[in-house]
Amino acid sequence: MRTFALSLSLAVSALVSSSVLAQAPDDDAKIIRGRYQAVLADCAACHTKPGGASLAGGAPLQTPFGELIPPNITPDEETGIGSWTAADFRRAMKEGIGHDGKRLYPAMPYPAYTKMSDQDIDALWSYIRTVEPVHNPVEANQLPFPFNIRLVMLGWNMVNFEAGDFRPDPNRSEEWNRGAYIVQAAGHCGTCHTPKSLLGADKGDEALQGASLQGWYAPNITGNSYLGIGSWSEEEIVAYLKTGQNAHSIASGPMREAVQESTSRMNDADLKAIAVYLKSTEGGETQKPQPIAAEDPHMRAGAMIYHDTCSACHRADGTGGRQLFPALAGSPLVQQPSAETLTHVVLNGSQGAATPEARTTPAMPSFAWRLDDQQVADVLTYIRNSWGNAAPPVTADGVKAQR
């Protein structure tokens, strides 16, 4: 009997081991898919503080309603989401409700993540469970009264949020639908690039047409040829997303982070799908306004500053130097309704993205020490209304507000 029992035990162990081994490749594949979902969703950009542990909590986000700090989403039992279940995670992603029933704020872009498939969310959960747990308590809600009362989100969601999966367009190609899914769901591009209402909700009828973001302006990324990226080829859009630069622009600010942590790590097929989708969208003004006359005093002052300070890199005709100094002539970014990004770059300087495909990071120094508010306003007004560009003037008060 003892020999039989031992044989039976060994047989059962062998069956269990075989079962585990049979499931392991599927589990590994799911985790790998989940890791890629984390790339598409750009989780690290918000939930990893510069110099901090991966996904252990991010740097403060400045919203129109106050400050929020992205929480620890490592599987730490006490300070992360280690005590959550897969259902808790899915509910947070799809409905904006945490495992304790607390309403999440839409700075966590659940209005976009709700369109993710259950399969992709489950894969993402499987990956996050493998991340190194980090004990790092984070008090995410730093908002002032009454916005710090999470119950107000119940009313916000009733007005501004509709849960539901992404719905493919049967009249479009598989590639187009893949691009739409990434942009609208996991990639949550509209969270930055779509204008917001007074309540902080996306203006659905102005999707991807540009919005202010923490002192930057996330530009129009529709197929609009004047303000958007309609003049870019699909290959140029792919190059920008993969390297942070192309013949038209160099990523800066939050977009630099998005390129480094997310888009540069996407596969080529998905980048191409994004380009196909974005090129098909429409939105924003299509007719340029009348440019400010060259004889205008601010234009004349700006011209002198430009030729003295900027032309060595960006050239006298604004054509720039490929891959190092972006072209200003005909640039949609230069002609956006808001000059926030341009002002930010002139005052604080900028560093391009470092990616596997483009390790050199183009940079621009700060000119805050050299130019006063009126000079910054004049040179930007000149840039925005020269070489075929046309855009509203920049004011000294606007520069002062950002300095």
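Tutor: Axes here are lines fitted to C-alpha atoms, for helices over the stretch in contact, and angles run from 0 to 180 degrees between N-to-C directions. Helices (H or I, at least four residues) and strands (E, at least two) are DSSP runs, numbered from the N terminus. This is a predicted model: local features need pLDDT of at least 70, side-chain atom pairs count only at pLDDT 80 or more, and totals for chains, interfaces and linings use all residues. Residues are numbered from 1 along each chain as its sequence is written, and side-chain values use heavy atoms, with hydrogens and water left out.

Student: OK, at what angle do α3 and α5 pack?

Tutor: The angle is about 125 degrees, and the axes of α3 and α5 are 10 Å apart. α3 and α5 are therefore oblique to each other; angles under 35 degrees count as roughly parallel, over 145 as roughly antiparallel, 65 to 115 as roughly perpendicular and the rest as oblique.

Student: Is the crossing of α3 and α5 left-handed or right-handed?

Tutor: Right-handed. A crossing is left-handed if the near helix is turned anticlockwise from the far one by less than a right angle, and right-handed if clockwise.

Student: Which residues make the contact?

Tutor: From α3, A86, F89, R90, M93 and K94; from α5, D118, I121, D122, L124, W125 and I128. Contact means heavy atoms within 4.5 Å. By class, there are seven nonpolar, no polar and four charged residues in the contact of α3 with α5. Ala, Val, Leu, Ile, Met, Phe, Trp, Tyr, Cys and Pro count as nonpolar, Asp, Glu, Lys and Arg as charged, and the others, Gly among them, as polar.

Student: And F89, buried or exposed?

Tutor: F89 counts as buried because its relative accessibility is 6%. Buried means under 20% relative accessible area, exposed over 50%, partly exposed in between (1.4 Å probe, protein chains only). In α3, D88, A92, M93 and K94 are buried along with F89, and what covers the buried residues of α3 includes α4 and α5.

Student: What is F89 in contact with, leaving aside its neighbours within four places in sequence?

Tutor: I81, W84, I121, L124, W125 and I128.

Student: How many of the residues of α5 are buried?

Tutor: Eight of the 11, so α5 is mostly covered. Among the buried ones are I121, L124, W125 and I128.

Student: Switching to the core. How many residues are in the largest nonpolar one?

Tutor: The largest nonpolar core has 56 residues, and F89, M116 and L278 have the most contacts inside it. A nonpolar core is a set of buried Ala, Val, Leu, Ile, Met, Phe, Trp, Tyr and Cys residues joined through side-chain atoms within 4.5 Å. Helices that each supply at least two residues of this core include α1 (2–41), α3 (86–95), α5 (118–128) and α11 (268–280). The largest share, six residues, comes from α11. Apart from this core lies another, of 21 residues, among them Y306, C310, L371 and V394.

Student: Last topic, backbone. Which residue follows α3?

Tutor: G96, with a positive phi near 75 degrees.

Student: What about H188 and its phi?

Tutor: H188 is not a glycine, yet its phi is positive, about 40 degrees. H188 sits in the loop between α7 and α8 (190–193) and is buried, with a relative accessible area of 14%.

Student: And W387, where is that?

Tutor: W387 is in the loop between α15 (373–383) and α16 (396–402). W387 also has a positive phi, about 55 degrees, although it is not a glycine. At 25% relative accessibility, W387 counts as partly exposed.
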